[in-house]
Amino acid sequence: MYNVTQFGFCTTKKEIMTSILRKILYFATITGFSWCFPNDVSSEENLDIPAIAKYFGTKGRYEEVNPYLIKDILAVNRSVLQPPSPRCREIHLTAIIRHGTRYPTTKNVKKMQKLYTVVQSSARGKESWLREILADWTMWYNEDMDGRLVQKGVEDLKHLAVRLSKLFPSMISVEKLRGGFIRFITSSKHRCVNSTLSFKAGLTEMWAIRDMEFEHAVNDALMRFFDQCTKFVNEVDNNPSALTELDKFTQGPEMKRVQEKIADRLEVPYDLITDDMVEAAFYLCAYEFAIKTVNSPWCRLFDEVDAQVMEYALDLKQFWKRAYGYEINSKSSCILFHDMFSRLDKALNEHNSGQKVTEAVTIQVGHAETLLPLLALLGFFKDSEPLTSINYASQTQRSFRTSRMLPYAANFILVLYDCGGGDIRLQPLVNEQPVAFPGVTDRQESMPLYGDVRRHYEELLKGCDFETVCELFKNPAEV
C-alpha cells in the first residue's frame, strides 16, 4: 500500500507554513467557510515566482499554464464549456492525466550534483545571489528521490479532482463515486500510483467519505505503451541519432551563448560549463520552484532570453522523441487511442439503448510520455514547419510548447454530450481549457458532432493496430 504523503517532505519553515496554508484554504473552499484577510496580504504579491517560470517545459507548474489558479487553486469557470444548447447533458468523461510534481530522476540528480561541485570549487563571482549559493544553499537532492511524488504533487492531484468535480458536477459526483461509475487506471510507477491515490483523496475528503475505499487498476499496456512498442524503442528511444536536431542545436550559437553567459556570471572558464551543467542549472531553478515554491538563486544564472533558448531545446527533445519528429512516436499510442474511443462508443451505446452508463467517468494517470504521443496522434499543437536546429528564430510563435502543454498534472479530457434529438457531441479540453479537434470543421468547433470526429479519425480507427505499427512480432534478426 502506498501512502500519498510518503514521498513528500517539508524541509523548511516556509514549506511547512505554505503547506499548512494550502490545507486551510482547501478546507475553507470545500466547506464554504468564509475568510477575511487583511488588505495588505496578497497571495500574488507573496508568491516568489521566477521571471523565467513560464519556460520550464515539462518541469513547470500547472499554475503557470492557468495563472488564475495562483490566486485561487480551486477556481473554475464553467462558462468556457459553452454547449450549443441548454439541453446538452454529459454522457461520459475520460481524463488522461499526468502525475503531479515530482523529485528529479537519479540521472538529473547526478548532473545537479556535478554542477554544484563545480560552482562550490570554482565560482568567483561577487554577486549576492552567488554568495547565497556558496554560503547558504546545500545540495539536498539525492539519488534515492528518483522521480518520486512530492507533497506539492499530492496537492496537484487533489486540487485537480476538486476542480473537475466543480467543472462537471453531474459526472464527477459523490453518487457516481459511491455507485462505482468512476473508474481509476494508473501506470505502475510510484509517482502515478500516488497521484491516483491523491486524486481519489481529493474527492473523498471533499465529500467526507470514510466508509468506502475505491480501487484502481494498474495498466502499463495503456499508460506506458511507449515501453512496449518495439519499433519505437529500437528506432527512437534507444537510438542516439534520433535526436540529431537537438544535438545540433546544443552545439549551435544560441546554446553556446547561454553557456558563455552562465560562465561569465559564475566567473569561471568557458570550458568548465558543459551542456549537461547548463541543463542542470535550469532544472535546479525549475525544481526548487515547483517543489518548494521558492525563487532559487540558481534562477539568476538565466535571463529571459536564455530561458527561451532552454525551452526550445527542451521542446526539440520532446518533438523528436515523443511527438511529430517520427511517425512511430505518435503511432505508439494507438492502443490508448483505440481504448479511448471504445469507451466513448460503449457509453454512447448504453445511453442510446436506455441503459445506465456503467463507466460514466474514466480517470487515467500516466506520464508526459503518455499524453504527448496521443496529442500528436490526434493532431494537436502541430505547426506548419517542424522544429529543427536552425529555425529557432522563426519558431517564437510556435504552438508546440511543452511549457503550455505538459506541466505537472497536465490533462487531456474528452466529454461526450447528448444535446437532444440525436445530437451527440464531443468536447476536448487540454489543461481544463476547451480546444478544437484539428481538421474537424463544425460551427461549434470546441464541441463538434461525435460522428464528425469519428469520420475525421476514420483511418486511425480502422487501422493504427498497436501490434502491427510497433512490429511486436517481427523477427529480432530483422530489427
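The model is predicted. It holds four disulfides, counting cysteine sulfur atoms within 2.5 Å. Counted along the chain, the bonded cysteines pair as 1-6, 2-8, 3-4, 5-7.

| Pair | S to S distance |
|---|---|
| C88 and C419 | 2.0 Å |
| C229 and C470 | 2.1 Å |
| C334 and C464 | 1.7 Å |

**C88 and C419.** This disulfide is right-handed, because the torsion about its S-S bond is about 110°. The pair links distant parts of the chain, 331 residues apart. C88 sits in the loop between α3 (68-71) and β1 (89-98), and C419 in the loop between β5 (411-418) and β6 (424-430). Both cysteines are buried.

**C229 and C470.** Here the link is left-handed, with -100° about the S-S bond. C229 lies in the loop between α10 (225-228) and α11 (230-237), while C470 falls in the segment after α22 (466-469). The two are 241 residues apart. C229 has 0% relative accessibility, so it counts as buried. C470 is buried too, at 0%.

**C334 and C464.** The torsion of about -75° makes this disulfide left-handed. C334 belongs to helix α17 (residues 334-352). C464 is in the loop between α21 (458-462) and α22, 130 residues apart from C334. C334 is buried at 0% relative accessibility. C464 has a relative accessible area of 9% and is buried.

**C192.** This cysteine is also buried, with a relative accessible area of 0%.

Definitions and conventions
Residues are numbered from 1 along each chain as its sequence is written. This is a predicted model: local features need pLDDT of at least 70, side-chain atom pairs count only at pLDDT 80 or more; totals for chains, interfaces and linings use all residues. Side-chain values use heavy atoms; hydrogens and water are left out. Helices (H or I, at least four residues) and strands (E, at least two) are DSSP runs, numbered from the N terminus. Buried means under 20% relative accessible area, exposed over 50%, partly exposed in between (1.4 Å probe, protein chains only).
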